[in-house]
There are 2 protein chains.
Amino acid sequence: MINENSVRVIPLGGLGEIGKNITAIEYKDEIIVIDCGIAFPDEEMYGVDLVIPDITYLLDKVENVKGIFLTHGHEDHIGALPYILKQLNVPVYGTRLTLGIVKNKLEEHNILSDCELHSVEPGDIVQIENIKIEFIRNTHSIPGSCCIAIHTPVGVIFHTGDFKIDYTPTDGAVMDLERISSLGKEGVLMLMADSTNAERRGHTISEKSIGKTLTKILSNAKGRVIVATFASNIPRIQQIVDASIKNGRKVTFSGRSMENISQVAMELGELNIPEGHIINVDEISNYPNEQITIITTGSQGEPMAALARIAFSTHRKIRIEPKDLYIISASPIPGNGKMISRVINQLFRKGVDVIYEDLEEVHVSGHAYQEELKLIHTLVHPKYFMPVHGEYRHLKHHVDLAKKLGMNESNIFTLETGQVLELSDSEAKISGKVHTGAVFVDGLGVGDVGNVVLRDRKYLAQDGMLTIVVTIEKESYSIIAGPDIITRGFVYVKESEELINEAKEIVRKELDRCLENKIVEWYVLKANMKKSMERFLYEKTKRRPIILPIIMEV
Amino acid sequence: MINENSVRVIPLGGLGEIGKNITAIEYKDEIIVIDCGIAFPDEEMYGVDLVIPDITYLLDKVENVKGIFLTHGHEDHIGALPYILKQLNVPVYGTRLTLGIVKNKLEEHNILSDCELHSVEPGDIVQIENIKIEFIRNTHSIPGSCCIAIHTPVGVIFHTGDFKIDYTPTDGAVMDLERISSLGKEGVLMLMADSTNAERRGHTISEKSIGKTLTKILSNAKGRVIVATFASNIPRIQQIVDASIKNGRKVTFSGRSMENISQVAMELGELNIPEGHIINVDEISNYPNEQITIITTGSQGEPMAALARIAFSTHRKIRIEPKDLYIISASPIPGNGKMISRVINQLFRKGVDVIYEDLEEVHVSGHAYQEELKLIHTLVHPKYFMPVHGEYRHLKHHVDLAKKLGMNESNIFTLETGQVLELSDSEAKISGKVHTGAVFVDGLGVGDVGNVVLRDRKYLAQDGMLTIVVTIEKESYSIIAGPDIITRGFVYVKESEELINEAKEIVRKELDRCLENKIVEWYVLKANMKKSMERFLYEKTKRRPIILPIIMEV
């Protein structure tokens, strides 16, 4: 079945979609897994909190899975671990900060003590039977981010992880282009590279230039400065801290993930705040406003996060003050633009100033633009190429870029999640498809909400629902109570009394007709009630609420 | 109450929000209304089709309302007319194309013959007792767009409408800067100006430059070209037509609004397609692919519009062909980015090429950037200024721009919808607030869906619902049927049988307890059933479905 001399690359999530990144690499009876991320639900997934990958394929070969190797600590690469490790308890490898964030999550899920975590450094190589996994430093919007080179007997697969090429990163730890170059020289079988920004021309700017802008802004601020950014963007946070100290400001954190991750990062030495410069949020009133910087969550305008709570005056500890300056140091993730705008509008309404990406350079992407991608392709010059991370449009433009660099189209593979790419030293081909999918997490339920439930939620959201209840005495074929009608999310009942009364009359007539004809099979009665009601309501309102006919029998 | 020598400006919609533009201008017992638009529902307004302004204020003074004056034919300026004219039948004034589009709408609503429409030309002045309304040509992304100068005994109010300054518009009809300049010279009491792009530096590019790009793209295309754009963007459509003819292509239209508006525009001479160059969509197979251009709706990725139907192979008449080139000649309206991306991804998956704004200059905004705004402020140099059109953030930046030009902050008024600005020759002040609001249109219902219904729809969307029915014999205080539980959008029932059975048991116990204690008031029984159920379900699932307890009494 499996070619003795082949390695199989199987994206179990993350291809042609944003998030839920997880890839299996299989050689003989060894499987290693790269990343284990969540996706955020899209707007059709009503009520769903998270989406995690379906790992049936791995569970069917549970003995073969040797470990999960993490490129970096972002949610779309590690967020599913607490759920997946409950089903598949294998060793997890990652750099310090990555594992620090993972530990926090596993603790929240009460499974930390059952899990096996191995900390690695960039440059480390982990040997698993026939496969060696090498962590290689890259630059991204979180420290400890790595490319991963998978050395198999068939050849080297080079996975960039999420990356940009920052020649002047804030911590001075530049991407290990030397090692990547020498891997290229030795020969790389396949490159898997981040496609997120494959549509963007040129080169990302350095994180450091954002620091300069922030320092300039802070030095002009007359009151408190409140900066919202991603909690995991430690380089950004470090720069905000540094700029604050330079301007005689104390720093405090607000928002759960901001407090958690900054704590982890400080413990691990990834975030450095000299003593006396960090204060608790309760202490801000002890200092003049112009000596305070607050770093918060909510850069995406999330209604429950700190920034929105401040804006709408529901934050328990932080109230808006007249000379506050708010900085949104982040880009809107597609779909979040309106939420962010709502917060910006509200802050302006309250009379304070807000600076955001449209106005000043207060954010930069962590994903390589075209010129950076060209460099990596050129250094690695692999035999085969598979674009990863990004929507299909990004994969497609990454393919175009590889072709422009001279790569033969037949050596490029744009996979969909679940497709199997089989690589040997002589050829590469898509050899099949395995079971994959999206598992919905809703509250405590994992997988108990699926497409039927979501379809119902969608209809309920559109037009609400209407329950018709009637009690029937079976012996006499007669209605002894009801029909009663109860609606939610359909119409204002008071103003639609006539409509509801007409509806009751229609149900009663339909039931009388059925009962006279001695139709007492509940499913037939119900179907008839439902049908007559649907027809009536659509004609009157052009709406299609979910109709629940209920018959009680006594 | 009303100062004899004052004019009152009352935005009844459109201030600090996108869309629903409608402004009342009141002098003594005369009211004129500028525009009458819809807003599109935001994502929290589940199931709502359109939002129209609440015009209670006008209905209370129905005898005083002299007419509605339209700046141009976009939905956010005319879309509410069919609903508003049913309540308030007053004369409507607008340029030819604007009224052409309005007529179409009134016909659909079967009220055209009851309405009084007056066609005007740019330059025309309409005299209404003490007020003169002057239409002044501007440039925008639809022909026949005008500024409106309202000459009142107190002074001139100059309303820009939506505009940009295009020195080389496709139809050669440049904005009447000369008239605006002479109005400024004579003295303008207040300027009301479009703020949509007040955050953007520089100057919009001319519509003509888009034409050049499109011509270049079309001349290189090897198969059919399918261009999605706004149906009302006649200048854009004219340029696509011209580029097509130049390249030997026939043009056809797809999508209801595209077919309707292009038809109206051709009849009025606003869109010129020489005979023999326009074909019916059924005829496209009679020509080689490289001789076909299809102009469609769906530039916002709307799932039911032509472009998405083509992409997902559900279009009745147009199938994707291998060398098709798709052009999305529009910007995503905030909130639509994900829908558009979905269509782009699908087209790329089908193997065809897609060009959009991120890649080439195939769209330009119809709203003035900062440099254009500065020109208008400078020409008009009004005594007072009120920013209009745009979210609060845009109004705020427009205010900043006016201040930078030297205007005194006390002469600038940022209003919220409903606030009344009272202007006399000696002073201006916000003098009060009138009733305004949003009326939801859902199916055939206008106003029968409100906040309570929407709140229920939101909860239903999040966690679904659960109905508990029980039949009780009142005499014996005993349950004679049920409790039965029916859910929708909550959990997969099959996989949650245990949960549902436990839930039934809990309801039964709660009821028994109540009945034993001779509690038979339905509202108490229901409240207790509901409370025990909520507690149980939240503990088990962390979800809060809407719970409907129903008691049938026999």
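**Exercise 1.** How are H5(B) and H11(B) oriented to each other: parallel, perpendicular or oblique?

*Solution.* Keep in mind that we are working with a predicted model. Start with the geometry: in chain B, helix H5 (residues 177-186) packs on helix H11 (residues 370-380) at an angle of about 45°, and their axes lie 7 Å apart. Next, recall the cut-offs: angles under 35 degrees count as roughly parallel and 65 to 115 as roughly perpendicular. H5(B) and H11(B) are therefore oblique to each other.

Now look at who touches whom. H5(B) contributes Leu177(B), Ile180(B), Ser181(B) and Gly184(B), while H11(B) brings Leu375(B), Ile376(B), Leu379(B) and Val380(B).

**Exercise 2.** Find the relation between chain B and chain A.

*Solution.* Superpose chain B on chain A: this takes a rotation of 180° with 0.1 Å of shift along its axis, and the RMSD is 0.1 Å. That is the relation of a two-fold axis. To locate the axis in chain B, go to Ala461(B), whose C-alpha is the nearest, 2.4 Å away. The same surface serves both copies, as 100% of the contact residues of chain B recur in chain A.

**Exercise 3.** Describe the interface of chain B and chain A.

*Solution.* Begin with the residues: 71 come from chain B and 71 from chain A. Then take the area: the chains bury about 6,100 Å² between them, with 55% of it on carbon and sulfur atoms. In chain B, the residues losing the most area to chain A are Arg349(B), Arg393(B) and Tyr492(B), together 10% of what that side buries. Finally, turn to charges: twelve salt bridges cross the interface. Lys338(B) also pairs with Glu43(A) in a salt bridge, their closest N and O atoms being 3.7 Å apart.

Conventions. Residues numbered from 1 in each chain as written. Chains lettered and ligands numbered in written order. Predicted model: local features only at pLDDT ≥ 70, side-chain atom pairs only at ≥ 80, totals over all residues. Heavy atoms only, no water. Least-squares fit on C-alpha atoms with pLDDT ≥ 70 in both. Contact = heavy atoms within 4.5 Å. Axes fitted to C-alpha atoms, helices over the stretch in contact; angles between N-to-C directions. Helix = DSSP H or I, 4+ residues; strand = E, 2+ residues; numbered from the N terminus. Parallel < 35°, antiparallel > 145°, perpendicular 65-115°, else oblique. Buried area = accessible area lost by both parts, 1.4 Å probe. Salt bridge = Lys/Arg side-chain N within 4 Å of Asp/Glu carboxyl O.
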